[in-house]
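Have the sequence and the structure open while reading.

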Amino acid sequence: MEELDLKEIFLIFWEKRKQILFIVLMFIAIGIGYSYFFLKPIYKSSTTLILTQTSGVDSDGITQADVTLNSKLVSTYEEIIKRKNILIEVVNNINNPEITIGTIKNNVTVQSVKSTELIEITVKNDNPNYAATIANEIAKVFCERVVEIYNISNTYILDRAEPETQPCNINHKKDIIIFAFIGLVVAAIYALILNMLDNTIKTEEDVEKVSGLIVLTTIPDYTLEKGGKRK
């Protein structure tokens, strides 16, 4: 395929504008169907823990040693929260046949807020109430288990999870724009491939390229319209 300048590319797209528009609209329709009818809504809820006193269950006040120890414990706590024995207790406490370890384990995210002693527990579920219930129960069980393991009470539930009304995985406007862009790219490739495969002669320049001869003159094509008028 010979190099095309911007004018030639524009003319190619202009000639195929109807096909391009059809392809883009087709992808937009697919995007609407995918976003509104195919995607299953997923909801997420988050609860936040804060690490506080670490001197002992019955002690008062927070020391610098407490702050230092808490900073070191954050990453350890992140791993403990996701452990199987914690999740088993959560499932048993909730006692709902629809909530199993399998539905929890792969949908729990635990992360610390950068440069703080905050730990955020996020749960995803197709039921917003289940997501909030699971997140809150994980936080509760974990706080209890910390006292048993370390004999310290340094975790406090700062924010309880609440059911969300908007799914976290669906953004209709964004989905449609993405599909429209994909359609535009596909349409552009389609137009360029058609042009590359088209070896018919359309202009005098094409004749010169194929034959190597110079076109001296051309004959206009007059087509008669109804009533004997020429166009």
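## Helices and the model

Helices here are DSSP runs of at least four residues, numbered from the N terminus. The model is predicted.

## The nonpolar patch

Helix H7 covers residues 172-197, and Val186 is found in it. Val186 has a relative accessibility of 35%. It counts as partly exposed because that class lies between the 20% limit for buried and the 50% limit for exposed.

Val186 belongs to a nonpolar patch on the surface, together with Ile178, Phe181, Ile182, Val185, Ile189, Ile193, Met196 and Leu197. The accessible area of the patch is about 790 Å².

## Salt bridges within helix H6

The whole structure has six salt bridges. One of them joins the side chains of Glu137 and Lys140, at 3.9 Å from N to O. Both residues lie in helix H6, three residues apart, which is about one turn of the helix. Glu137 is buried at 14% relative accessible area, whereas Lys140 is partly exposed at 39%.

Lys140 also meets the side chain of Glu144 in a salt bridge of 3.3 Å, N to O. These two residues are four apart in helix H6, again about one turn. Glu144 is partly exposed, with 37% relative accessibility.

The side chains of Glu89 and Arg145 form a salt bridge of 2.2 Å, N to O. This pair links distant parts of the chain: Glu89 is in helix H4 (residues 84-94), Arg145 is in helix H6 (residues 128-150), and they are 56 residues apart. Glu89 is partly exposed at 23% relative accessibility, while Arg145 is buried at 16%.

Definitions and conventions:
Residues are numbered from 1 along each chain as its sequence is written. This is a predicted model: local features need pLDDT of at least 70, side-chain atom pairs count only at pLDDT 80 or more; totals for chains, interfaces and linings use all residues. Side-chain values use heavy atoms; hydrogens and water are left out. Patches are made of residues with over 30% relative accessible area and no salt bridge: like charges are joined within 9 Å, nonpolar side chains (Val, Leu, Ile, Met, Phe, Trp, Tyr) within 5 Å. Accessible areas come from the Shrake-Rupley method with a 1.4 Å probe; for residues, only the protein chains shown count as cover. A salt bridge is a side-chain nitrogen of Lys or Arg within 4 Å of a carboxyl oxygen of Asp or Glu. Buried means under 20% relative accessible area, exposed over 50%, partly exposed in between (1.4 Å probe, protein chains only).
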